[in-house]
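Please open the structure in a viewer and keep the selection panel at hand.

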Amino acid sequence: MSDLPADFFFPAPRQQRYCSQCGNLLTRATPPGDNRVRDLCRHCGAVHYQNPRMVVGCVPVWRGKVLLCRRAIEPRYGAWTLPAGFMELEETTEEGALRETLEEAGAQVEAGPLFTVIDVPGVNQVHIYYLANVLSEKLDPGPESLEAAFFDEADIPWDQLSFLSVSSTLRHFFEDRKQPEFGMHRYTLPVH
């Protein structure tokens, strides 16, 4: 596969045309006993469920500054973000958040409490962020990041942030930091 460029590969669309079990054409219908339209295989009986994807990440802090990464991938190439990404199979949300922080920023962190759980129905996702303490100021951004840096609240590039879930999580963080303790925030982002 080394002869293929890195940008050749892309995430497959959520809707399938053919059964991954037997290869026959799928039908969109409500299976008996269900209440939603699904992709069904009328040949082998497989139901191809589609469920929301989990995005997990951290709000990593070093000496009062928040760690952000500048994206080297689409969507939002060049925008700043909290280190986060899709949860993998066989890992917990916390493990995924720590893995993503290491992969994107090269930062060693210690996870703190769950901080935000954000429903993003417009893109069929749930975004989960943990508070985290950065254990060393040494950063080594991976291939998904152009750079990683620590920011004081006054220096956050608010107009260059990647996603609404990132900016809302950061706003909650800086507001909670003024309080005696951090809260846990759960909310839904509007569908645009």
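The stops below concern a surface patch, a sheet and several salt bridges.

The model is predicted: local features need pLDDT of at least 70, side-chain atom pairs count only at pLDDT 80 or more, and totals for chains, interfaces and linings use all residues. Residues are numbered from 1 along each chain as its sequence is written, and side-chain values use heavy atoms, with hydrogens and water left out.

**Stop 1: the nonpolar patch**

Select Leu4, Phe8 and Phe9, which make a nonpolar surface patch of about 290 Å². Patches consist of residues with over 30% relative accessible area and no salt bridge, like charges being joined within 9 Å and nonpolar side chains (Val, Leu, Ile, Met, Phe, Trp, Tyr) within 5 Å. Accessible areas come from the Shrake-Rupley method with a 1.4 Å probe, and for residues only the protein chains shown count as cover. Phe9 lies in the segment before strand E1 (27–29); strands (E, at least two residues) and helices (H or I, at least four) are DSSP runs numbered from the N terminus. Phe9 has 48% relative accessibility and counts as partly exposed, the class between buried (under 20%) and exposed (over 50%).

**Stop 2: the three-stranded sheet**

Next, display E1, E2 and E3, an open sheet in that order with antiparallel pairing. E1 and E3 (47–48) are the edge strands, since each pairs on one side only. Two strands pair if DSSP finds at least two bridges between them. E2 (residues 38–40) is joined to E3 by two bridges; select Leu40 to find its bridge partner in E3, Val47.

**Stop 3: a salt bridge between strands**

The structure holds eight salt bridges, each defined as a side-chain nitrogen of Lys or Arg within 4 Å of a carboxyl oxygen of Asp or Glu. Select Glu147 and Arg70, whose closest N and O atoms are 2.9 Å apart. Glu147 belongs to strand E10 (residues 145–151) and Arg70 to strand E5 (residues 65–71), so this pair ties together parts 77 residues apart in sequence. Glu147 is partly exposed at 32%, and Arg70 is partly exposed at 25%.

**Stop 4: the salt-bridge network**

Finally, select Glu91, Arg99, Glu100 and Glu103, which are linked in a network of salt bridges. Which residues does Arg99 contact here? The closest N and O atoms are 3.0 Å apart for Arg99 and Glu100, and 3.2 Å apart for Arg99 and Glu103. Arg99 and Glu103 both lie in helix H1 (residues 93–105), four residues or about one turn apart. Glu100 is buried at 5% relative accessible area and Arg99 is buried at 18%, whereas Glu103 is partly exposed at 39%.

Methods:
Buried means under 20% relative accessible area, exposed over 50%, partly exposed in between (1.4 Å probe, protein chains only).
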